[in-house]
Amino acid sequence: MNAPVDVSFFTRAAKPLTSYRKYWAARFGTAKFLPTSRQEMEALGWDSCDIIVVTGDAYVDHPSFGMAVIGRMLEAQGFRVGIIAQPDWQSADAFKALGKPNLFFGVTSGNMDSMINRYTADRKIRSDDAYTPGDIGGKRPDRAAIVYSQRCREAWNDVPIILGGIEGSLRRIAHYDYWSDKVRRSVVVDAKCDLLLYGNAERAIVEIAHRLAAKEPVQQITDVRGTAFVRRSGDESAQGWFEIDSTSVDAPGRVEAHVNPYLMVSDQAKANGATCAREDEAEAVAKAAQTGAPLPAAASRGPAAANPAIQPLNFVPNPALAMRTRIQVPPRDRSVIRLPSYEQVRSDPVLYAHANRVLHLETNPGNARALVQAHGEGATARDVWINPPPIPLTTAEMDHVFDLPYARSPHPRYADENGSHDGATKIPAWEMIRFSVNIMRGCFGGCTFCSITEHEGRIIQSRSEDSIIKEVEAIRDSVKGFTGTISDLGGPTANMYRLGCKSPEIEAACRKPSCVYPGICSNLGTNHDPLIKIYRRARALKGIKKILIGSGLRYDLAVQSPEYVKELVQHHVGGYLKIAPEHTEQGPLTKMMKPGIGSYDKFKQMFEKFSAEAGKKQYLIPYFIAAHPGTSDEDMMNLAIWLKKNGFRADQVQTFYPSPMATATTMYHTNRNPLRKITRDSETVDIVRGDKRRRLHKAFLRYHDANNWPLLREALKSMGRADLIGNGKHHLIPTWQPLTDGSYTSARRKNSSVSAEAVVPSSPKSPTKGRLLTQHTGLPPRDNGSGRPPVGRAGRPDASRTPPRKIRKGP
């Protein structure tokens with residue numbers, strides 16, 4: 001009833017997910033959980049699996065987990081799907097546990113890139129993993145997509161391997177790898193998979209499964225959108241394509257002759273073998289005036305007199321333009337852009353930046369062309385072929401995906417003796433989304449450090465209101481432990497639900513990387529009314545006490561709808577609201593494609609106004625990034641000054657993490673700005689490299705941490721800003737140093753640096769009057785579950801070791 005008709009220009013051509021004839025195995029019905037063992041298969045009456053999904057995450061049957069979405073989607077098509085979750089990769093034995101799949105292996109490293117999951121931004125090994133029972137790290141290998149694919153091939157070398165997930169999406173072309181500090185080949189080449197599915201894979205995986213079930217060889221499946229694969233030179237399937245060479249920069253295109261601005265009409269006429277009587281006559285009059293000779297007869301009689309010697313003008317084409325013809329542009333659906341080869345981008349940062357820019361310009365499903373990149377030379381040469389992005393799902397298809405019969409809990413194999421998933425068996429990632437509802441996909445923000453756009457696309461795919469309400473009711477009625485609070489009603493961005501381009505034609509033709517930078521596009525609809533309606537309807541449901549918004553908020557969009565901000569602030573904020581200004585200075589903000597701090601100030605004013613009207617004390621939690629490309633030391637110093645001026649003490653600090661294929665990662669690797677045209681002389685970017693400088697930028701964000709004061713004092717003196725060192729309120733850091741190390745405990749407790757001496761917290765104090773309160777300051781320390789007494793606010797020095805006078809003067 002509430003699902004509007006999708007009007008996107010390019011969605012009408014896609015085959016609906018529900019239009020396929022079901023595979024014969026649909027007769028087995030629906031499994032409560034997809035089987036993970038032979039015993040579970042036998043209980044379902046299966047003798048084999050048609051498809052086996054191998055994943056690096058624990059199996060949680062919930063629509064926020066990729067293996068569950070793909071598994072249930074294929075099950076709905078009639079296929080028997082088994083799950084091998086977090087297998088022992090030391091041998092192929094674990095990959096044989098369910099037998100040989102009839103159609104293919106589906107391989108994914110999980111909901112996160114395995115390297116990002118395993119290592120911190122400082123390349124240190126994490127000891128925890130939120131996607132593993134008990135939060136235990138090390139349950140998946142580094143570069144899991146490659147390792148799992150190789151083990152599947154070792155187990156059954158004649159079974160097709162279909163690689164997917166975010167790790168495959170972000171590594172589909174030659175990419176800079178932060179952990180090895182070099183450019184790696186496409187994961188298609190390293191994993192030796194038959195097909196790679198990037199982005200949201202439901203549409204592609206369903207088509208491929210049915211084609212493989214119809215006995216079509218996987219080598220012939222080369223026309224599915226959202227896929228990448230290897231083609232050898234001379235492949236007949238590559239015939240009939242128009243190749244656009246983009247393997248270099250600064251190469252001129254078609255050169256046209258310039259029009260001579262000084263070309264006289266008579267000169268042009270003479271070049272055509274004719275004459276211009278007007279200009280000839282004028283020239284004769286000028287000569288007569290100089291010599292005193294009588295005027296020509298034609299001139300003395302005036303223009304009305306007939307002169308039989310003068311013939312009518314004959315206009316003929318300019319010979320300089322005679323060869324100009326209209327350039328015939330090949331059809332986009334048969335065009336392929338040849339990127340610089342892997343060997344070229346590996347050795348030439350400028351070509352790497354150029355290839356990355358071309359890739360990001362070809363991401364709109366409405367106009368994107370195929371891409372091809374050569375890997376290897378001579379006998380080993382082959383092309384990695386990347387088809388255009390997948391067509392976004394319609395609202396009806398989104399409803400179908402989210403309405404599948406998910407169990408909404410981890411597999412029973414992870415449960416303890418009481419059948420629960422708490423304590424040692426808790427899966428933190430599931431706990432986080434246990435009572436949340438995903439209402440949409442995609443993001444048109446285009447932040448350069450983020451991978452959402454590269455993976456999910458910038459076209460917003462929204463569910464219908466009825467589907468969302470149905471899921472809220474399902475959580476209320478069936479999820480164990482529900483107390484009446486929905487933890488989140490959002491998605492990649494909380495307030496992009498049903499937002500999009502006003503014109504379907506413009507949407508299909510647009511090539512901008514962001515709809516909201518440098519300002520909100522005039523063609524972007526910013527009406528938040530559908531989202532307000534969902535909020536009101538959901539919180540009116542019986543048994544629902546509170547609905548919180550936990551997803552990140554795009555505040556520059558929110559301020560376009562004061563009614564939405566009021567609705568959000570007065571009904572859906574649980575004391576704190578996360579937003580991400582990321583920085584205050586224009587240098588890094590322009591490289592991030594984020595709005596200026598003025599938009600934050602405007603939102604903050606509205607937030608405080610509506611909170612006061614509701615009689616609530618609520619606080620914003622701003623997030624900032626340290627060491628982002630384009631950030632100078634002075635930028636971080638100014639951010640620290642802003643933080644202190646506004647009373648913020650950052651508890652969690654995010655250092656820039658160069659994820660594969662992100663635009664900011666290209667800046668980090670190449671020192672070039674791919675947001676603009678790449679040339680040999682194009683703009684360079686200030687890059688924060690080296691542990692010392694990255695630590696300094698992080699220290700500025702945690703200016704209140706006593707551990708950072710020696711480093712900051714040294715830096716401020718070298719920057720000529722020693723005036724910020726002192727014991728007054730206007731100083732950034734004090735001149736004195738406490739005897740304790742001022743350690744603090746991060747949100748990821750196992751990654752925290754804990755002082756050798758236990759820091760005994762002082763009794764919680766009331767916040768200073770007039771100080772802006774956030775989670776970062778003015779609040780009692782929280783129990784982080786580590787079993788240790790929580791440290792004092794911001795690592796405040798132990799009163800027994802530091803004179804009281806110095807405590808009072810601390811920042």
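Reader: Which residues does C447 touch, not counting residues up to four places away in sequence?
Author: C447 touches R554, M592 and K594, where contact means heavy atoms within 4.5 Å. A quick note: this is a predicted model, so local features need pLDDT of at least 70 and side-chain atom pairs count only at pLDDT 80 or more, while totals for chains, interfaces and linings use all residues. Residues are numbered from 1 along each chain as its sequence is written, and side-chain values use heavy atoms, with hydrogens and water left out.

Reader: Thanks! Where does C447 lie?
Author: C447 is in the loop between β16 (440–441) and α15 (452–456). Helices (H or I, at least four residues) and strands (E, at least two) are DSSP runs, numbered from the N terminus. C450 is found in that loop between β16 and α15 too.

Reader: Buried or exposed, what is C447?
Author: C447 is buried, at 16% relative accessibility. Buried means under 20% relative accessible area, exposed over 50%, and partly exposed in between (1.4 Å probe, protein chains only). C443 is buried at 9%, whereas C450 is partly exposed at 22%.

Reader: New topic: how many disulfides are there?
Author: The count is zero, a disulfide being a pair of cysteine sulfur atoms within 2.5 Å. For C443, the nearest cysteine sulfur is that of C447, 6.3 Å away.

Reader: What does UniProt list for "binding site"?
Author: The unreviewed UniProt entry lists C443, C447 and C450. UniProt positions follow the numbering used here, feature names are shortened, and annotations may be inferred rather than shown by experiment.
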